[in-house]
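Here are some notes for a colleague who is coming to this structure for the first time. Please read them with the sequence and the model side by side.

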Amino acid sequence: MSLTKNDLIERINRIGFKKEKSAEIIEILVELLKSSLASGDDIIMPDFGKFYVRKKNSRRCRNPATGEIFELSKRKVVNFKCSEKLRDKVKNFKVR
């Protein structure tokens, strides 16, 4: 099961914020994260992890369906490295 934006809004709503304010909080947070990554800044959340932008060089690729060879251009991608605490929590999570 995935945690969606609506789930986050609902959980913030349960804390005591109105639903409209909860949605506004999540929207602002998402926009802050996007603008920080777009400007090349890392996002570090202690006990959770780090989001960062990585540059990838161009490379030759092959379409496995057609065999066509083409050039994949230079690009930037967002990466995430989870913290050790998060990794341990996920690793030790008991499935019901």
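1. Basis of the notes. This is a predicted model, in which local features need pLDDT of at least 70 and side-chain atom pairs count only at pLDDT 80 or more, while totals for chains, interfaces and linings use all residues. Residues are numbered from 1 along each chain as its sequence is written, and side-chain values use heavy atoms, with hydrogens and water left out.

2. The sheet. Three strands form an open sheet in the order β1-β2-β5, with antiparallel pairing; helices (H or I, at least four residues) and strands (E, at least two) are DSSP runs numbered from the N terminus, and two strands pair if DSSP finds at least two bridges between them. Because β1 (43–45) and β5 (75–82) each have a single partner strand, they stand at the edges, and one side of each is left without a neighbour in the sheet. From one strand to the next, the twist averages 25°, where axes are lines fitted to C-alpha atoms, for helices over the stretch in contact, and angles run from 0 to 180 degrees between N-to-C directions.

3. Strand β2 (residues 49–56) pairs with β5 in the antiparallel sense over eight bridges, and F51 stands opposite F80 in β5. Helix α2 (residues 19–38) packs on the sheet and touches β1, β2 and β5, its direction making about 130° with that of β1; contact here means heavy atoms within 4.5 Å.

4. The side chains of K34 and E31 meet in a salt bridge at 3.0 Å, N to O, and both residues lie in helix α2, three residues apart, about one turn of the helix. K34 counts as partly exposed at 48% relative accessibility, as does E31 at 42%; buried means under 20% relative accessible area, exposed over 50%, and partly exposed in between (1.4 Å probe, protein chains only).

5. Two further pairs. K50 and D42 meet through their side chains in a salt bridge of 3.5 Å, N to O. In the salt bridge between K85 and D47, the closest N and O atoms are 3.4 Å apart. K85 lies in helix α3 (residues 84–91) and D47 in the loop between β1 and β2, so this pair ties together parts that are 38 residues apart in sequence. K85 is exposed, with a relative accessible area of 56%, whereas D47 counts as partly exposed at 48%.

Conventions
Salt bridge = Lys/Arg side-chain N within 4 Å of Asp/Glu carboxyl O.
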